[in-house]
Amino acid sequence: MAFIRSSRQMRNEINKVRKKLLKKAMTQDSKNFWKGVKSLMGQTDGGLNKIVIDNETISDKKLIADHFVGMFTKKVDDLLGVYNPSEVEKLDDSDFVPFTIEEINKGLKRLSNKKCWGMDSLPCSFIKEMGEICVPYLLRLFNKIALSNEIPSTWKIARIMPVFKKGASDDPKNYRPVSNLNSIAKLFEICLLQRLELLDFDKINGLNQHGFRKQHSCETAICELVGIISDELDEGRKVCVYSADLTAAFDLLRKEILFKKMCNLGIPNYLINLICEYLTDRYGYVEVENEISCVAKIKTGCI
């Protein structure tokens, strides 16, 4: 009996250590942890070493990157059809109020800790670490950009990484594009967002909008829908629900339509000008293991 008790105690201690090590692996290196889990489940992608196009195997990383940039842009172009971006009217932006150090510091706290980077090769984590030193310079830069309404051209270039979804790793269709942007540009976006949040967000989004609103989510949308259906059924009425999935909705955003929408909502002119300028003349390139593709123009979308 003593041996059985000792054996149980030992197994319990081993399980505790296993749980501790598992938790540590999940938190400290989650990327490699889940990569290992997928490998055990037979879902590994094996890396982007080659792709197969029309039964032809391509292993040159530069050619792979060029194929992906063409594939990603063609998908959007096919959905757009015949479309040529047009210039929008520049509004009187005398309503601009300069950014403050407090706004920059608040934006830095909201900036993600991700270590990926855009064309500037600076991860967000570096900008956050250097925040105390950089803030005065960032303040001058952001105010100069807002006053001139000229976004730096390098901020408009996305470093696109093909991310494996599922299926065969040599099939390009099993990858989705993830755009990595300039980290300082991300901070500038957050500062603009903070200005938008000072406005009547319910008016901007609409009371029926559940995405991108504080204290709203898929769960609140479902609860509201169930409530509406229940009320109608209690009244003895029949209920029909129509569901639609908008393909590549973010990739197909047209700044001309957004411009009119923002004007109708009464958003300050300087914010409208900056947002439209930020969405103008966008470009992107695909990177595969340090090999980059040709640069492609991105006609639409909120990158």
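Visitor: Why does Leu225 count as partly exposed?
Guide: The relative accessibility of Leu225 is 40%. Buried means under 20% relative accessible area, exposed over 50%, and partly exposed in between (1.4 Å probe, protein chains only); Leu225 therefore counts as partly exposed. Two conventions apply throughout. This is a predicted model, in which local features need pLDDT of at least 70 and side-chain atom pairs count only at pLDDT 80 or more, whereas totals for chains, interfaces and linings use all residues. Residues are numbered from 1 along each chain as its sequence is written, and side-chain values use heavy atoms, leaving out hydrogens and water.

Visitor: What makes Leu225, Leu233, Val239 and Val241 a patch?
Guide: A patch is made of residues with over 30% relative accessible area and no salt bridge; like charges are joined within 9 Å, and nonpolar side chains (Val, Leu, Ile, Met, Phe, Trp, Tyr) within 5 Å. At 40%, Leu225 is over the 30% limit. Together the four residues have about 330 Å² of accessible area, as given by the Shrake-Rupley method with a 1.4 Å probe, where only the protein chains shown count as cover. Leu225 itself is placed in helix H9, residues 218-234. Helices (H or I, at least four residues) and strands (E, at least two) are DSSP runs numbered from the N terminus.

Visitor: How do you know that the side chains of Lys74 and Asp78 meet in a salt bridge?
Guide: A salt bridge requires a side-chain nitrogen of Lys or Arg within 4 Å of a carboxyl oxygen of Asp or Glu. The N to O distance for Lys74 and Asp78 is 2.8 Å, so the pair qualifies. Both residues belong to helix H3, 4 residues apart, about one turn of the helix.

Visitor: Why is Asp78 called exposed, and what is Lys74 called?
Guide: Asp78 has a relative accessible area of 52%, so it passes the 50% limit and is exposed. Lys74, at 49%, falls in the range between the limits and is therefore partly exposed.

Visitor: Which residue meets Arg195 in a salt bridge?
Guide: The partner is Glu103, with an N to O distance of 2.5 Å. This pair links distant parts of the chain, Arg195 in helix H7 (residues 183-197) and Glu103 in helix H4 (residues 101-110), 92 residues apart. Both Arg195 and Glu103 are buried.

Visitor: Which residues does Glu289 touch?
Guide: Leaving out residues up to four places away in sequence, Glu289 touches Leu48, Asn49 and Lys61; contact means heavy atoms within 4.5 Å. Glu289 lies in the loop between strand E5 (282-288) and strand E6 (291-292).

Visitor: Which residues of helix H10 are buried?
Guide: In H10 (residues 255-265) they are Lys255, Glu256, Phe259, Met262 and Leu265. Their cover includes helix H8 (201-205) and helix H11 (269-278). Just after H10, Gly266 takes a positive phi of about 75 degrees.
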